[in-house]
Amino acid sequence: MDMDGFVEEVVRISGRNPYLCYQCGMCSAVCPVAQYMDILPHQIIRLVQMGDPAVLESDAIWVCISCMACVDRCPRDVGPGIIIDALRQFKLRRGAEKYDYFQVPELGEAPSLALVAASRKLTG
Amino acid sequence: MAKALLYYPGCSVKRNSPWYEKSALAVLEALGYRVKELDKWYCCGATISLAADDVIRHLGAIRSLIQAEKEGEALGTNEMLTVCPMCYNVLARVNNLLKRDREKLETAARYLRDENLEKYSLSTRVIHVVQVLHREREKLGELVKRRLDGVRVAAYYGCTLVRPKDVAVDNPESPRVMEEILRSVGIETVEYPFKTLCCGAYHSVYRKNIAVANSGLILTDAAARGADIMVTVCPLCHYNLELAYRSMARKPGIRVMYLTDLLAYVMGLDDALSPETRSFLDKLREARRELVATPGGGNS
Ligand code: SF4
Ligand code: SF4
């Protein structure tokens, strides 16, 4: 996968400026799923600042559920959750598929919106 | 003339939570509202597309906003009612986005012309049932037929009613609207720190352990602080909380139900309650009444 210029594209998709981040860690402190992430939200933003494409291979970008807790609380209005969504978009627009519909447990009972939301976030 | 609301149901209320819809509509009717379901509505998409260059994923929401605008004229209202907070969140955010970004509004209008849809004039107001209940809370109090003395209730908000800030129905850091609604019908509420912690959302169909852990924490903490019932207004939160409950070896003594189920019960709207909810509340009320009636009861 061609990673060149991924930062520019992520900035364009998100409409946010990752360079405003001063690494206070607020986003990671308030994230309700941080403990399930391989790298934390503020580290994701740092890797974007450094232009390190390793961030695209992190599992954490698929763990974020866009709850907007970090977006509302970031003191620099970086919108970390929105940048994370743009990282997912970068991958999805290049064919990533993170959802196996045949592996979904108890699908019949879950509200339909769970499947719609998962499809939107995890498939292209 | 009765106050009117245009009702946008959404997929999950229709498919998965018919009793929630029933109790919510019954309570609104008792308050004097005429609730008219939209003749046609489209899937909101469950989560808003966050990509700045996206228009296509907003179209379902825009079609529904236009439909509400059209039907609202005849009904004399611009309020589009949602009971599912995920729908509320997407529809309200798309509505705000179109107000800020006229270029997107034009792009959508050009596309929707092929469907013979008029350009959206931005007049629809998306509201959630909690907002209606809160503004009518005094009247709710007057409609109480049963008391639930001694029963303690924890209100769970989750994410979509309070985040992001521009669509929050109350102070996002410390919302109180649901507690105020409950207290207006004489129900005691319980404070706990996790009322806006994410339940795990769609992780229940992706990484189930995350939904079970987060929802489990929310439930056990509220139960430990003495809550008998946790009320929610979201079909997905409701599902996740029950999923967590089912997975627990030691069950906390707390029951999950919809806010409007509890309201319908105290208002005596029994036809709007599932038999299970009704009998659970009957039993709980009896048990608490005995406790209150026995001197020194509850101290054992
Ligand atoms: S909260 Fe904002 S400024 Fe602080 S680390 Fe996160 S993105 Fe950076
Ligand atoms: S939006 Fe994502 S990263 Fe931000 S707090 Fe929520 S789950 Fe965590």
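**Entry 1: the two domains of chain B**

I looked up the interface of domain 1 of chain B and domain 2 of chain B, and found nine residue pairs in polar contact, both residues at pLDDT 80 or more. A polar contact is a pair of N or O atoms within 3.5 Å; within protein, one must be able to donate a hydrogen and the other to accept it, and residues adjacent in sequence count only if both atoms are side-chain atoms. By class, the side of domain 1 that touches domain 2 in chain B has 14 nonpolar, six polar and three charged residues. Here Ala, Val, Leu, Ile, Met, Phe, Trp, Tyr, Cys and Pro count as nonpolar, Asp, Glu, Lys and Arg as charged, and the others, Gly among them, as polar.

I note that this is a predicted model, in which local features need pLDDT of at least 70, side-chain atom pairs count only at pLDDT 80 or more, and totals for chains, interfaces and linings use all residues. Residues are numbered from 1 along each chain as its sequence is written, chains are lettered from A and ligands numbered from 1 in the order in which they are written, and side-chain values use heavy atoms, with hydrogens and water left out.

I recorded the bounds of chain B as domain 1 (3–130) and domain 2 (145–293); such bounds come from an automatic or database domain assignment. Between these two domains of chain B about 2,000 Å² is buried, with 75% of it given by carbon and sulfur atoms. Buried area is the accessible area (1.4 Å probe) that two parts lose on being put together, summed over both. Trp19(B), Tyr20(B) and Val130(B) supply 29% of the area that domain 1 of chain B buries against domain 2 of chain B, more than any other three residues.

**Entry 2: salt bridges in chain B**

I then turned to salt bridges (a side-chain nitrogen of Lys or Arg within 4 Å of a carboxyl oxygen of Asp or Glu). The count over all chains is 31. In one of them, Arg63(B) meets Glu115(B), with the closest N and O atoms 2.7 Å apart. Arg63(B) lies in helix α3 and Glu115(B) in the loop between α5 and β4 of chain B, so the pair ties together parts that are 52 residues apart in sequence. Helices (H or I, at least four residues) and strands (E, at least two) are DSSP runs, numbered from the N terminus.

Is Arg63(B) buried or exposed? I found Arg63(B) buried, at a relative accessible area of 16%, while Glu115(B) is partly exposed at 32%. Buried means under 20% relative accessible area, exposed over 50%, and partly exposed in between (1.4 Å probe, protein chains only).

Asp270(B) and Arg146(B) also form a salt bridge (2.7 Å, N to O). Arg146(B), Asp270(B), Arg278(B) and Asp282(B) are linked in a network of salt bridges.

**Entry 3: His128(B)**

I found His128(B) in strand β4 (residues 125–128) of chain B. His128(B) is buried, with a relative accessible area of 0%. A polar atom of its side chain lies 2.8 Å from the backbone oxygen of Val83(B).

**Entry 4: chain A against chain B**

How many residues does the contact take from each chain? I noted 44 residues from chain A and 45 residues from chain B, where contact means heavy atoms within 4.5 Å. The two chains bury about 3,700 Å² between them, 57% of it on carbon and sulfur atoms. There are four salt bridges between chain A and chain B; among them is Asp53(B) with Arg93(A) (2.8 Å, N to O).
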